[in-house]
Every structure is written in structure tokens, then in C-alpha cells.
Amino acid sequence: MTTQQSWNIVGHEHPIDLLRRTLAAQQVRHAYLFTGPEHIGKALLAHRFAQTLLCTGGPDPRITPLNPCNTCLSCRKVLHGNHPDLHVISRAPDKQFILIEQVRALQSASARKTLEGRRNVFIIQGAHEMNMQAANCLLKTLEEPEPDVVLLLTTPDPGLLLPTILSRVQQVSMHLLTSSQIKTALEQQWEVEAEEATLIAALAAGRMGWAVQAVEDDDLLAERKAQLEALAKLPMVSKVQRFDIAQRISADSDKARAVLELWLLWWRDMVLAANDCLDLTVNVDMRNILKQQAARVGTSEAERMVRALLATMEALDQNVNPRTALEVLMLDLPKLAS
Ligand SMILES: [Zn+2]
């Protein structure tokens with residue numbers, strides 16, 4: 001079985017290789033930070049690494065193997081999400097932050113003996129969502145780690161974490177896949193028809209996790225199309241209508257982020273279209289509208305919108321009121337006659 005098969009991850013050879021080298025040298029660090037864009041597979045890689053750290057199916061069960069075996073009892077428990085020595089922490093859907101209580105629970109679990117394996121593994125998904133108290137509390141664990149504890153953190157942007165945390169973790173950066181890597185994987189492993197695989201691979205913009213979601217959730221593509229069509233009309237509507245839409249989008253901050261990501265891809269495409277590079281655009285099924293609008297908007301306005309969108313996303317990360325941030329963005333939008 002190849003490395004790629006046993007880790008069951010599409011692409012990301014370099015980060016997997018880096019982790020295998022630390023295992024081969026028997027130099028597992030106390031903490032790792034997986035970084036890279038949303039939906040790229042950070043949590044998946046953290047889970048596979050945790051599975052390998054806990055796997056007892058290697059030649060010597062006392063020594064961590066280089067790849068997960070996927071068949072031993074420990075591997076099967078991790079894959080089923082019920083290994084007693086693997087603990088996953090993330091922000092609760094109804095909360096704004098990962099809270100100090102969650103980090104304290106981690107600390108008391110890490111102080112006790114492992115139940116089954118050779119170590120306790122903790123995954124902190126979206127580590128940038130810890131509030132200041134929780135982050136400072138986690139620092140204590142990073143400064144005086146228990147010998148058998150491994151922490152795996154994920155974040156889209158390491159700059160969002162405290163420098164004192166960054167200095168105590170090994171960073172594992174993950175990069176976008178090519179659309180042909182995604183297309184091939186969709187065809188071979190998910191049995192998607194060639195034409196649909198081409199569209200999804202283009203829209204995924206390098207993010208395998210998004211592609212898999214699009215395959216598994218039939219509504220996702222239809223919803224994306226409806227949202228894009230609405231966003232495409234915004235330059236033609238009145239200020240009052242724009243503010244209405246800003247209010248609707250900002251009501252749910254997770255949803256606001258998803259809409260902004262979609263919108264950013266749209267305006268990046270607009271820059272490409274305005275520069276006669278329509279064939280490089282991601283939204284392959286909307287190229288007619290892109291071409292028409294780009295001719296009216298022009299390169300510099302399109303580039304200004306990309307910057308405005310990035311600034312809005314940054315403002316949301318810094319907990320600026322979502323409605324205010326989106327209203328400012330609506331004022332930034334170019335105005336076109338309908
Ligand atoms: Zn195993």
C-alpha cells in the first residue's frame with residue numbers, strides 16, 4: 001500500500017512527508033500547527049496524524065509506525081470517532097469563541113494516564129477562535145507539556161495566533177491542490193462523471209474539502225449559483241436594497257464568511273476577465289456574465305473590490321460588527337446602470 005493510500009488523503013505529499021520524517025526519527029514534537037486556506041483538509045490531516053500516533057498495527061506495537069495501518073483496533077476507533085485518547089476541541093456552534101473551560105478540560109485530561117495507547121492526542125480545530133483567556137490557558141500546557149501529550153492545532157492564518165503560541169509549535173503548511181489533481185480524485189475515488197468533475201474541480205479553487213462537500217451535498221452547487229446570481233446583480237441595485245442584503249447576510253456570521261469567500265472568488269474572476277483572461281476564471285459556468293460586467297467595471301475597479309473584500313474578511317476576523325462591515329462593503333461596490 002502506498003503512503004497516499006494508507007493516509008487516504010488526496011495530494012499534500014509534502015506535509016505528510018514532513019510528519020513521516022519526524023516519526024522515522026522518533027522525534028514527535030509536543031505541538032503542531034496545521035495552516036492553509038479553508039476547506040483544504042487541515043482537520044483531516046490532523047486526524048490522520050493522530051491516528052498514526054495512536055496506531056498499534058506497526059511491526060513493533062510499542063513504536064509509532066510511519067503510516068496508519070487502518071485495520072488495528074486503535075485505528076478503527078479513531079476512524080469511528082471514539083478513541084478514548086483522542087480529544088477534539090472546536091468552537092461550539094452557538095458560541096463566538098473556544099472557551100477557557102474547554103482548554104481546562106483538555107488540561108485535566110492530559111494530566112491523567114492514557115487509557116489505551118502510548119499517548120494522549122488533542123486536536124484544537126480553528127485554534128484562532130480561542131479567546132484571550134483560553135489562549136493564555138493553553139500556553140501553560142505548551143510551556144510545560146506532559147511527556148505523552150501531543151497537541152494538533154489548525155488555523156487558516158498563523159498570524160491570528162499569539163506569537164507565544166506560534167513559537168512553541170511546529171508549523172505544517174498546506175497548499176492548494178491543482179484542479180487536475182481534484183478532477184482526477186473526483187473521477188477515480190468518488191466516481192463523478194467527467195463533465196461534473198471538471199466544473200466542481202474549477203469551482204473548488206484548489207480546496208479538496210470543498211469539492212467533496214459539493215459532491216456529497218446536492219444543494220451546495222444550486223445554492224452557490226443562486227447566491228452568485230444575486231451578488232452579480234448588486235452593482236445594479238439601489239443603496240437601500242444593498243443595505244437590506246447586507247443585513248440579511250450579516251445575520252449569521254458563519255454564513256457571512258461563506259458568502260464573502262464566494263464573492264471574493266467572483267471579483268478575482270472579474271479582474272481576470274477585465275484583463276482578457278476569461279479562460280483562467282474559476283466560475284466557469286458564469287463566464288458570459290463575468291465578461292459583460294468586466295467590460296463595464298474595468299480592471300482598477302475590480303482590483304479595488306478584491307481589496308475591499310479582503311479588508312472586510314479581516315475586519316470580521318477581528319470581530320468588527322458584521323453588519324457595519326458589510327454595509328461599508330456595499331458602499332464600496334461600483335454602481336452600474338441596470
Ligand atoms: Zn492502526
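A crossing is left-handed if the near helix is turned anticlockwise from the far one by less than a right angle, and right-handed if clockwise. Helices are DSSP runs of H or I with at least four residues, numbered from the N terminus. The model is predicted, so local features need pLDDT of at least 70 and side-chain atom pairs count only at pLDDT 80 or more, while totals for chains, interfaces and linings use all residues. Residues are numbered from 1 along each chain as its sequence is written, and side-chain values use heavy atoms, with hydrogens and water left out.

**Exercise 1.** Determine how H2 and H3 are oriented and which residues join them.

Step 1. The axes of H2 (residues 13-24) and H3 cross at roughly 20 degrees and come within 12 Å. Axes are lines fitted to C-alpha atoms, for helices over the stretch in contact, and angles run from 0 to 180 degrees between N-to-C directions.

Step 2. H2 is therefore roughly parallel to H3; angles under 35 degrees count as roughly parallel, over 145 as roughly antiparallel, 65 to 115 as roughly perpendicular and the rest as oblique.

Step 3. H2 and H3 form a right-handed crossing.

Step 4. From H2, Pro15, Ile16, Leu19, Thr22 and Leu23 meet Leu45, Phe49, Thr52 and Leu53 of H3, where contact means heavy atoms within 4.5 Å.

**Exercise 2.** Describe the packing of H8 against H9.

Step 1. H8 (residues 179-189) and H9 (residues 194-204) have axes 8 Å apart, at an angle of about 140 degrees.

Step 2. The two helices, H8 and H9, are therefore oblique to each other.

Step 3. The crossing of H8 and H9 is again to be classified, and it is right-handed.

Step 4. H8 contributes Ser179, Ile182, Lys183, Leu186 and Glu187, and H9 contributes Ala194, Ala197, Thr198, Ile200, Ala201 and Ala204.

**Exercise 3.** Which residues hold the zinc ion, and what is the geometry of its site?

Step 1. The protein donors (N, O and S atoms within 2.8 Å of the metal, or 3.2 Å for Na, K and Ca) are the SG atoms of Cys55, Cys69, Cys72 and Cys75, at 2.2 to 2.4 Å from the zinc ion.

Step 2. The angles among the 4 donor atoms are 103 to 117 degrees, and the site is tetrahedral; four donors count as tetrahedral if all angles lie between 85 and 135 degrees.

Step 3. The donor residues follow the spacing C-x13-C-x2-C-x2-C in sequence.

Note on methods
Four donors count as tetrahedral if all angles lie between 85 and 135 degrees; four count as square planar and six as octahedral if opposite donors are over 155 degrees apart and all others between 65 and 115; anything else is irregular.
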